[in-house]
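Here is a friendly walk through some helix and backbone geometry. Have your viewer ready and follow along.

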Amino acid sequence: MSTRIAFLKGHGTENDFVIVPDPENVLELSPAAVAALCNRRAGIGGDGMLHVVRSAAHPEARGMAAEAEWFMDYRNGDGSVAEMCGNGVRVFARYLQYAGHVAAGDLAIATRAGVKTVHIAKDGDVTVGMGRARLPEGDVTVAVGERSWPARNVNMGNPHAVAFVADLAHAGDLLTAPPVSPAAAYPEGVNVEFVVDRGPRHVAMRVHERGSGETRSCGTGACAVAVAAARRDGADPAVTGTPATYTVDVPGGRLVITERPDGEIEMTGPAVIVAEGEIDAEWLAHTLG
């Protein structure tokens, strides 16, 4: 490993990431190394890491290389691997544009949840094709302290439990994962969204992301919330034949989610690169030693 490792810092609606360009997949980024870099006091700080690798160079992405040149090897802030991160995809696309790998317009990005289509608009917003939601059957309940709510099980390539509440403060501090039952519904953990109504097809949410705690935004979570809200409101596009668009306010900003009659979901929002620099590999080795 070289003595210095390039990195960037970016965010999408304040869901922030350490970006590590590694086109040929030569860096050894252990869970401990990722956690150290994402540490907000002793490291760079971030909700997660975007490890930027060419699909052909990564064993999990080689099968997608013909469709997408770049693979988003996403890691949670605790170093664990995740299937997908909606805000992360937008920031990943913005990095590729920033680095000169792509121009504004359409591109494809490989993720563990499949190939995602992305459009970088000239006005700066980034739209991501998030695929279709799956709605596993079975009742789910979310609890915080003495309160509990029924939740909608929504899978966006990663698992979500969406609970509609009277007040976002009822979610508590979200420092630890809210209990969700039955546990068997989410064998690998779950992202939990708490949602209130703000107006017609306009909601606000807070989220506990597994492996990261409460974050300022969650793209797949916003999609899951829009899907759950559409079903609750009788606006399922597959039934009505018309797209359903919801504005979803998150603590870090605003996302716009559209579900089409064919089930495909699009998410639009900002993505920003705020800094770039170098990681001292000796510091990292000392930290892990």
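What follows covers a helix pair, a single helix and some backbone angles.

This is a predicted model, in which local features need pLDDT of at least 70 and side-chain atom pairs count only at pLDDT 80 or more, while totals for chains, interfaces and linings use all residues. Residues are numbered from 1 along each chain as its sequence is written, and side-chain values use heavy atoms, leaving out hydrogens and water.

Let's begin with the pair. Helix α1 (residues 31-38) and helix α5 (residues 281-288) have axes that come within 10 Å and cross at roughly 115°. That makes α1 roughly perpendicular to α5 (angles of 65 to 115 degrees count as such). On the α1 side, Ala32, Ala33, Ala36 and Leu37 make the contact, meeting Trp283, Leu284, Thr287 and Leu288 of α5 (contact means heavy atoms within 4.5 Å).

Next comes helix α2 (residues 86-98). Its 13 residues should span 18 Å at 1.5 Å a residue, and the end C-alpha atoms are 19 Å apart, which agrees (the expected span is 1.5 Å times one less than the number of residues). In α2, 11 of the 13 residues are buried (under 20% relative accessible area), among them Phe92 and Tyr95. Just after α2, Gly100 has a positive phi of about 85°.

Finally, a cis peptide bond with omega of about -5° joins Ser181 and Pro182. Pro182 lies in the loop between β11 (180-181) and β12 (191-199).

Definitions and conventions. Axes fitted to C-alpha atoms, helices over the stretch in contact; angles between N-to-C directions. Helix = DSSP H or I, 4+ residues; strand = E, 2+ residues; numbered from the N terminus. Parallel < 35°, antiparallel > 145°, perpendicular 65-115°, else oblique. Buried < 20%, exposed > 50% of the residue type's maximum accessible area, 1.4 Å probe, protein only.
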